[in-house]
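Let's take a walk through a protein model together. Keep the 3D view open and turn it as you read.

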Amino acid sequence: MSKKEVKQNTLREPAKKQAEVTEEMWLQVNEDYRVIAEEFVSVQDLSPASRKQYTSVIRQFGWYMVNSMNNKPFYKITKRDFLRYLSYIRDNRKMSSSAIGLRKSVISSLCNHIENIIAEEEENYKQFRNFTRGLPPIAKNRVYEKVKVTKDEYDMLMSVLEEDENWLGMAWLATAFRVGARRSEIIQFKTEILDYKIPEGQNYVTSHTVRGKGKSIDGKPLQYMFPLDVIPHIQKWIDTRGYDSEYIFTTKYGNEIKPMSAAWADDFCSNTLSDILERRVNVHIFKNSCITYLLETGVDINLVSKFVAHHNDISTTSIYDLRDFEDEKNQIF
């Protein structure tokens, strides 16, 4: 398949990825901050991914302190200092509001830890207050326009993948678009799903419990509904992959079988699927697309929210709704 020009759907210039703060750089940050920050991360009930994220955010802020604040002790950081930092990552680093919000949230949690745990024992922190409180809200922005994958586009993608005999791609795409699971949840699905007995008249299979998005190690326990039209694509991949594994989405290099990496899904979306549709497609658009398609076909948003999106409130589900409401708009004038 020849490489095509892919429309990027950008609303603004994307932020350049921040350089990793190496151990050598980290050791240049004042010891007071390093000790407290490392203790803070170690006592948090975080998933491995969140722990890595927290560590990165804390180290990046520490390195900013070195370069822009003369490496001042953390207990001397003021609201004005932190506003300067937020302005820096917004204006100089071109970060999105969600990325800025994450950084503000992590540093705020660190400040709360100091107030609640450290302050009563450390003289320098007796009068410490969370300097992220009371700051102006972060203005919302987006780097990329969210463009849903429609059902017609899904069918076309599946047709092209079938022509290429890309059975793994078909199984992954069917699961992402029809089930609505996130990338990190998809890799947890087991082949045992294929052996579940389906009650007469039922048009779906309920998965085993997987770990959903959440701060703690256990995350949020979820069970997903697999429409029966997804099952043959999974079965085809299992029948043709040439090795046994309890998990559906795996890759084999040499003699080593591994769970599918996040990089595989990213590459599949950014290269294969984006190339076919000739516009940017990323892994995160499929939950939106699944929810939007179900709402477009008339499924009640309360049912979608509870059983597909697994949201505690339909207001969260509404954020994932990318319907354009063209039919309704045409009734206005």
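One idea comes up again and again: a residue is buried if its relative accessible area is under 20%, exposed if that value is over 50%, and partly exposed in between, using a 1.4 Å probe and protein chains only. Before we use it, note that this is a predicted model, so local features need pLDDT of at least 70 and side-chain atom pairs count only at pLDDT 80 or more, while totals for chains, interfaces and linings use all residues. Residues are numbered from 1 along each chain as its sequence is written, and side-chain values use heavy atoms, with hydrogens and water left out.

Let's start with charges. A salt bridge here is a side-chain nitrogen of Lys or Arg within 4 Å of a carboxyl oxygen of Asp or Glu, and by this rule the count comes to 14. Take Arg323, whose side chain meets that of Asp321 at 2.8 Å, N to O. Arg323 counts as partly exposed because its relative accessibility is 27%, whereas Asp321 is buried because its relative accessible area is 18%.

Glu296 and Lys148 form a salt bridge at 2.5 Å, N to O. That pair links distant parts of the chain: Glu296 is in helix α11, Lys148 is in the loop between α5 (97-118) and α6 (151-163), and they are 148 residues apart. Glu296 is partly exposed, because its relative accessible area is 41%; Lys148 has 16%, so Lys148 counts as buried. Another salt bridge joins Arg279 and Glu153, at 2.7 Å, N to O.

Now for the rings. Rings of Phe, Tyr and Trp (its six-membered ring) pair if their centres lie within 6.5 Å; planes under 30 degrees apart are stacked, over 60 edge-to-face, and the rest tilted. The whole structure has 25 aromatic pairs. One is Phe61 with Phe74, an edge-to-face pair with 6.3 Å from centre to centre and 90 degrees between the planes. Phe61 sits in helix α3 (residues 48-68) and Phe74 in the loop between α3 and α4 (79-92), 13 residues apart. Phe61 and Phe74 are both buried. They also belong to one aromatic cluster, whose members include Trp26, Tyr33 and Phe131.

Next, find the strands. Two strands pair if DSSP finds at least two bridges between them. Strands β5 (residues 250-253) and β6 (residues 256-259) run antiparallel and are joined by four bridges. Lys252 has Ile257 in β6 as its bridge partner. This hairpin has two residues between the strands, and Gly254 takes a positive phi near 65 degrees.

Where does Val299 lie? Look in the loop between α11 (285-296) and α12 (301-309). Val299 counts as partly exposed because its relative accessibility is 31%.
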